[in-house]
Amino acid sequence: MRDKKDLIGIAISGQNKNSLNVTYYCLFKNKSETVKQPIYEVKAVDTTAAGDTFTGYFLSSVIKGLTPAEALKVASKASSIAVSRMGAASSIPTLDEVTL
């Protein structure tokens, strides 16, 4: 397992305004790296569980040994599935649904 210091970073949603285009992404940054993951565009119907889903999938992916870039991809996909469904706990996808 990696040193705990390597796991410290931030995962946030953000936007980069470039001319007339707006790009949404997830960002991870620590002392040694910065990783951007574009969002998966879906039609959002309920954002209730989006943050919890993203955080849970990101942290569990890192704990399992995925790199921050891989963990962002998994978390972004999971939260995009969650917002495309109604409800809180019922909208959280299974790992099989998220598998890339």
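This is a predicted model: local features need pLDDT of at least 70, side-chain atom pairs count only at pLDDT 80 or more; totals for chains, interfaces and linings use all residues.
Biologist: How are H2 and H3 oriented relative to each other, roughly parallel, roughly antiparallel, roughly perpendicular or oblique?

Modeller: Helix H2 spans residues 50-63 and helix H3 spans residues 68-83, and their axes lie 8 Å apart. The angle at which H2 and H3 pack is about 150°. Angles over 145 degrees count as roughly antiparallel. H2 and H3 are therefore roughly antiparallel.

Biologist: How many residues of the contact of H2 with H3 are nonpolar, polar and charged?

Modeller: On the H2 side the contact includes Phe 54, Tyr 57, Phe 58 and Val 62, and on the H3 side it includes Leu 72, Val 74 and Val 83. Serines also take part, among them Ser 61 in H2 and Ser 76 in H3. The division for the contact of H2 with H3 is 13 nonpolar, four polar and no charged.

Biologist: Is Ser 61 buried or exposed?

Modeller: Ser 61 belongs to helix H2. Beyond its neighbours within four places in sequence, Ser 61 contacts Leu 66, Ala 71 and Val 74. The relative accessibility of Ser 61 is 5%, and the limit for a buried residue is under 20%. Ser 61 therefore counts as buried.

Biologist: Which residue has a side chain joined to that of Thr 48 by a polar contact of 2.4 Å?

Modeller: Thr 48 is placed in the loop between strand S3 (34-38) and H2. Setting aside residues up to four places away in sequence, Thr 48 touches Gly 87 and Ala 88. The side-chain partner of Thr 48 in the 2.4 Å polar contact is Asp 46.

Methods:
Residues are numbered from 1 along each chain as its sequence is written. Side-chain values use heavy atoms; hydrogens and water are left out. Axes are lines fitted to C-alpha atoms, for helices over the stretch in contact, and angles run from 0 to 180 degrees between N-to-C directions. Helices (H or I, at least four residues) and strands (E, at least two) are DSSP runs, numbered from the N terminus. Angles under 35 degrees count as roughly parallel, over 145 as roughly antiparallel, 65 to 115 as roughly perpendicular and the rest as oblique. Contact means heavy atoms within 4.5 Å. Ala, Val, Leu, Ile, Met, Phe, Trp, Tyr, Cys and Pro count as nonpolar, Asp, Glu, Lys and Arg as charged, and the others, Gly among them, as polar. Buried means under 20% relative accessible area, exposed over 50%, partly exposed in between (1.4 Å probe, protein chains only). A polar contact is a pair of N or O atoms within 3.5 Å; within protein, one must be able to donate a hydrogen and the other to accept it, and residues adjacent in sequence count only if both atoms are side-chain atoms.
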